[in-house]
Amino acid sequence: MNLTHPNCLNKPQFSPTPISIHGVPLPQRNKKLSAVRVSNFAASTTEVVADNGTARRSLVSSTDSQNKAVPLGKSSSAMEQLDIERGVCIPFRKYSPETVRNKVLESRGAVASLILRGVEIVWNLGVYWSSLMYDCLVGRDKEIVPFRARQLRNLLCDLGPSFIKAGQVLANRPDIIREDYMNELCILQDDVPPFPNQVAFDIIEEELGQPLEAVFSKISSQTIAAASLGQVYRATLRATGEDVAIKVQRPEIEPIIYRDLFLFRTLASFLNGISIQKLGCNAELIVDEFGEKLLEELDYTLEAMNIEDFLENFKDDPTVKIPRVYKNLSGSRVLVMEWIDGIRCTNPQAIKNAGIDVNGFLTVGVSAALRQLLEFGLFHGDPHPGNIFAMRDGRIAYVDFGNVAVLSQQNKQILIDAVVHAVNEDYAEMANDFTRLGFLASGTDVSPIIPALEAIWQNSAGKGLSDFNFRSVTGQFNKLVYDYPIRIPERFSLVIRSLLTQEGICFTLQPDFKFLEVAYPYVAKRLLTDPNPALRERLIQVLFKDGVFQWKRLENLIVLAKENVAKMSSNPALQVKNVPSSRSWQIQSKLDLTHTIKDGARLFLFDEGIRRQLLLALTEDSKLHVQELVDVYRLVEDEIDIPSVAVEVVQDLPNLVRDFLLSWSNSVLSDR
C-alpha cells in the first residue's frame, strides 16, 4: 500500500544504516523517546544519512534537488521550491496557484467581480504610490514617513482582510519593507474592527445546525477579541456548565481571499525581475508562502488539529496549559475551545497583583518557546501578549493556534549548527547556514556577507550575556537583509517575530529580565543531556576548537544547564498535586547526564580520534590537567545517579561487546 501522496516531491525512504558519530555507531534507545507530533497535515520526508562522519538529516530526493535550484517556469514550481527548502512535504495542500485560478475564474460573474476588485486595488494603491513619488520629487520623503506609514495602514484596513493579513506579514519582513513602516503595520496585529454580533451568531447556528440557546446557556454580548479573519466570544455550555471560547470566521471571507490571492500573484509576476535582484527569489514565491499560510488559517478544522498537536507535545509538561477543543461543536468556520481562566500578558500589573512569581513565569515561557522551536519543530507563530496568559499557579497558557509553523528535523539541526558556529566564531559557516535555510539562493556568493555577520555578532556578543537582546541584533540584521539579496522564508519570519514578541513580553513584565540568561542555559542543557546523536556531534564541535579541548566551555555549559534545571524545578507549577511521577519529570530536579556519560564512554573506547584529542587535552602544555578534571567532576558529582548509569551500562553491554568486536575486526582487516 503506497502511503506517499502524489503531491509530495520526495517519497519517504528508510535507511538501515545505523547513526554514528565519527564512525562510532550509537545504539537505538530501548526506552521510547518523547513522541512529538509535528503536524497532522505535514509529513516529514527526511532520512538519516552520514556525511563526512557527521550524523545529520537531509531531504531525500530522487532528482538530487537538494543541491540544485528548482526552475520557476511553471506556476507550481515555487511551491516545489518551498517544499525543498522546508524539508517538509504537505500531502494535502489547500493552496496552489492552479486552485486559486480555478476558483476565481469559474464563472462570468466571478470574472466580472475579479475585474472590479482589480480596478479598486490598482486605483487605491496607485494613488498611494503616486503620493510617494511626489514626496520624492519635492524632497520631503523623509520627514513625511510617519504620516505615509499611517496612511498605508489605514489603506490596508479599507481594502479588507487579505490586505490586513498582508500588512501583518509585512510587519515582520525587513527584507521587503523599511523598519519605520514595519513599526506602524505592527498595529494591525491588535487593532482590527469586529463585524456585527448577529452575523456572527447566525454563522455559529449554521455550523452547529441548531439554535444557540440549545447549546449555550449564555454568550457574551461583546467580542472578547477581533482579528483580521475572525472574532472570539465567551459562552457557557448548557449541558455541562463549562465556560468556552467560540471563535467565528468573518462572513463570506473565503471568496474574497481567493480573489485577492489571484490578483496578488498576477501582480507578483510583473515584479519577478526586481524581486530576484533584491531578494534572490521570484515575487511569486513570496505570494505562495503568504497564500498557503492564509488558507490554512481560514480552515478552523486545521486549527483544531494544531491544538491537538500542541496538547500531545506538552501533555507531560505541567508548566504549560493548552486549551482542549470541543470537536463535536466545531467546524471549518467555528471553533469551540476550553475557556482559559488566566491573566492576559496585555495586563502586566494584574499579573503582579495576583502574586504570580513573574521571574518563574517568564522562565517557563522562554523554555516553552525554545522547546517548540528546537525540540518539537512546531511552534506558535503569533505569541503576542493577547494570545498568552499567566495562570495563577505559575503556568503559561497559549491560545489562537491558527498561525503555527513547522520546522523539519533538518531545519532544526541547521539552526543548532548556526548556534555552534556562532559560539566558535565560524562566520563563513554561519553564512553557509543561511543558504541551507533558504535565506540565500543556492549558488549565491556569501563572501560579502561574512564580514557583516561578523560585525553584527561581535558587536552584540561583546556587550555580554546580561546585555544581549534579540531586538538589537534584529535591528542590525534588518539592515543586512535590506542591503543584500536575502529573503527571509515565511517560517523564519515567524520565528523572528515569535522571539521578539516574547522578549518584549519579558521586558514589559520585568524590565531587567535577561532573555538570553534563560535561553542559553536551556540550549546548554539540551546539548549535554539530549540523547539525539546529532546533538552529540554538536556538543563535540562546541567542546573542541581548532583541535583543542575547551575545559572552561565545558564548565560553563554544566553551570548553565544546572541553572536551567534549578529555575524550572522551583516553579510553583511543578508543586501542584497532579504532576506526573514518571522519570521524565523526576529529572527536573536533577541534571540527567546518564546518556551523555554512556555515549561519551563509548566514543572514548571506540573512536581513536576522540580518544587522542581527550588524552592530548589532559596532557596539554606538557602538564597533566588533573585540576580541570577534578573541577568538572565536582560540578557534576551531585547530578550523576550511579545506579541509573550502572543499569544503562549493563543493558547496553551486548552492544558494547558487538561494537568492540567490530572495531577490532576492522583494525585487523585494515592492517592487512
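These questions and answers concern a predicted model and the reasons behind some of the terms used for it.

Reader: Why is the pair of Phe 163 and Phe 264 called edge-to-face?
Author: The ring centres are 4.9 Å apart and the planes stand at 80°.

Reader: How do you know whether Phe 163 and Phe 264 are buried or exposed?
Author: Buried means under 20% relative accessible area. Phe 163 has 5% and is therefore buried; Phe 264 has 15% and is therefore buried.

Reader: Why is the pair of Phe 439 and Phe 492 called tilted?
Author: Their ring centres are 5.4 Å apart and their planes lie at 35°. Stacked needs under 30 degrees and edge-to-face over 60, and the rest count as tilted, so this pair is tilted.

Reader: What makes Lys 103 count as lying over the face of Tyr 258?
Author: Lys 103 is at 5.2 Å from the ring centre. The distance cut-off is within 6 Å, and Lys 103 does lie over the face of Tyr 258.

Reader: Why is the contact of Arg 117 and Glu 120 called a salt bridge?
Author: The N to O distance between their side chains is 3.0 Å. A salt bridge needs such atoms within 4 Å, so the contact qualifies. Both residues lie in helix H3 (residues 108-138), three residues apart, about one turn of the helix.

Reader: How do you know whether Arg 117 and Glu 120 are buried or partly exposed?
Author: Arg 117 has 6% relative accessibility and counts as buried. Glu 120 has 35%, which falls between the limits of 20% and 50%, so Glu 120 is partly exposed.

Reader: Why is Glu 206 called exposed?
Author: Its relative accessible area is 57%, and exposed means over 50%. Glu 206 meets Arg 333 in a salt bridge (3.0 Å, N to O). Arg 333, at 22%, is partly exposed.

Reader: What makes the buried residues of helix H26 lie on the same side?
Author: The buried residues of helix H26 (residues 626-636) are Val 632, Leu 635 and Val 636. They cover an arc of only 90° around the axis, which puts them on the same side of H26.

Technical notes
Residues numbered from 1 in each chain as written. Predicted model: local features only at pLDDT ≥ 70, side-chain atom pairs only at ≥ 80, totals over all residues. Heavy atoms only, no water. Phe/Tyr/Trp six-rings, centres within 6.5 Å; stacked < 30°, edge-to-face > 60°. Buried < 20%, exposed > 50% of the residue type's maximum accessible area, 1.4 Å probe, protein only. Lys NZ or Arg CZ within 6 Å of the ring centre and 35° of its normal. Helix = DSSP H or I, 4+ residues; strand = E, 2+ residues; numbered from the N terminus. Arc of directions from axis to C-beta.
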